[in-house]
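Subject: Structure handover

Hello,

Here is the structure for your files. My notes on what turned up follow below it.

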Amino acid sequence: MIPKEVAKILNEQIEKEFYSSNLYLAMAIWCDAQGFEGSSQWLYDQAEEERMHGFKFIHYLVDVDEKAVVPALKKPPVGFKDIKSLFDMVLKHEQFISDSINEIVKVCHKTNDYRTMNWIQYFVSEQIEEESTVRTILDKLSLAGEKNIFWFDKEMVTIRNNADSSNQ
Ligand code: OFO
């Protein structure tokens with residue numbers, strides 16, 4: 001068992017991870033429809049990864065003999081203004097997730113829950129990596145400008161392949 005306050009905030013995080021998954025899925029579908037094939041593939045992968053993050057929280061709660069609750073999710077947006085505002089939204093969302101992971105660390109600290117504090121380190125590192133990747137994407141987008149948007153989308157294939165090889 002872990003402190004109740006920690007179990008509660010971990011359950012709240014399950015909802016955020018699955019919402020992230022749905023948000024990136026909605027973005028992937030939009031990119032797919034607009035012809036941004038590289039961006040959509042990257043976002044489909046992210047949607048899958050966020051789903052796996054949700055499962056990690058569920059498995060951890062079950063492992064420490066706590067109740068994991070399947071969350072109700074709000075509907076993600078359907079349309080996006082353009083590719084730049086979509087990736088701005090991804091960065092903002094990842095920063096929001098980083099803040100909520102930091103909140104979990106704070107609660108672990110407050111309740112002397114060293115087990116969960118150790119376990120959550122994976123997500124602390126993961127968020128540094130994810131924010132950094134999205135910043136790289138935004139840099140490439142501004143390098144490309146409107147005229148070279150096709151080049152940008154091809155670059156997304158490279159970013160995706162690099163992520164694949166570092167996950168192996
Ligand atoms: Fe942004 O990856 Fe889940 O937590």
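First, a term: contact means heavy atoms within 4.5 Å. Leaving aside neighbours within four places in sequence, Phe87 is in contact with Ser39, Trp42, Leu43, Val134, Ile137, Leu138, Leu141, Phe152 and Met156.

On provenance: this is a predicted model, where local features need pLDDT of at least 70 and side-chain atom pairs count only at pLDDT 80 or more, while totals for chains, interfaces and linings use all residues. Residues are numbered from 1 along each chain as its sequence is written, and side-chain values use heavy atoms, with hydrogens and water left out.

Cores. A nonpolar core is a set of buried Ala, Val, Leu, Ile, Met, Phe, Trp, Tyr and Cys residues joined through side-chain atoms within 4.5 Å. Buried is under 20% relative accessible area, exposed over 50%, partly exposed in between (1.4 Å probe, protein chains only). The largest core has 25 residues, and Leu43, Leu86 and Phe87 touch the most other members. Elements giving it two or more residues are H1, H2, H3, helix H5 (121-144) and helix H6 (149-166). Helices are DSSP runs of H or I, at least four residues, and strands are E runs of at least two, numbered from the N terminus. H1 provides the largest share of this core, seven residues. Another core lies apart from it, with 20 residues, among them Ile2, Phe18, Tyr60 and Ile120.

Aromatics. Rings of Phe, Tyr and Trp (its six-membered ring) pair if their centres lie within 6.5 Å; planes under 30 degrees apart are stacked, over 60 edge-to-face, the rest tilted. The whole structure holds 10 such pairs. Why is the pair of Trp42 and Phe87 tilted? Because the planes stand at 55°, with the ring centres 6.0 Å apart. This pair links distant parts of the chain: Trp42 is in helix H2 (residues 37-63) and Phe87 in helix H3 (residues 83-110), 45 residues apart. Both Trp42 and Phe87 are buried. Trp119 and Phe123 also form a tilted pair, 5.5 Å centre to centre with 55° between the planes. Trp119 is partly exposed at 22% relative accessible area, whereas Phe123 is buried at 1%. Ring pairs join Phe57, Tyr60, Trp119, Tyr122 and Phe123 into a cluster.

Charges over rings. The criterion is NZ of Lys or CZ of Arg within 6 Å of the ring centre and within 35 degrees of the ring normal. Lys56 has its charged end over the ring of Tyr122, 4.6 Å from the centre.

Best wishes
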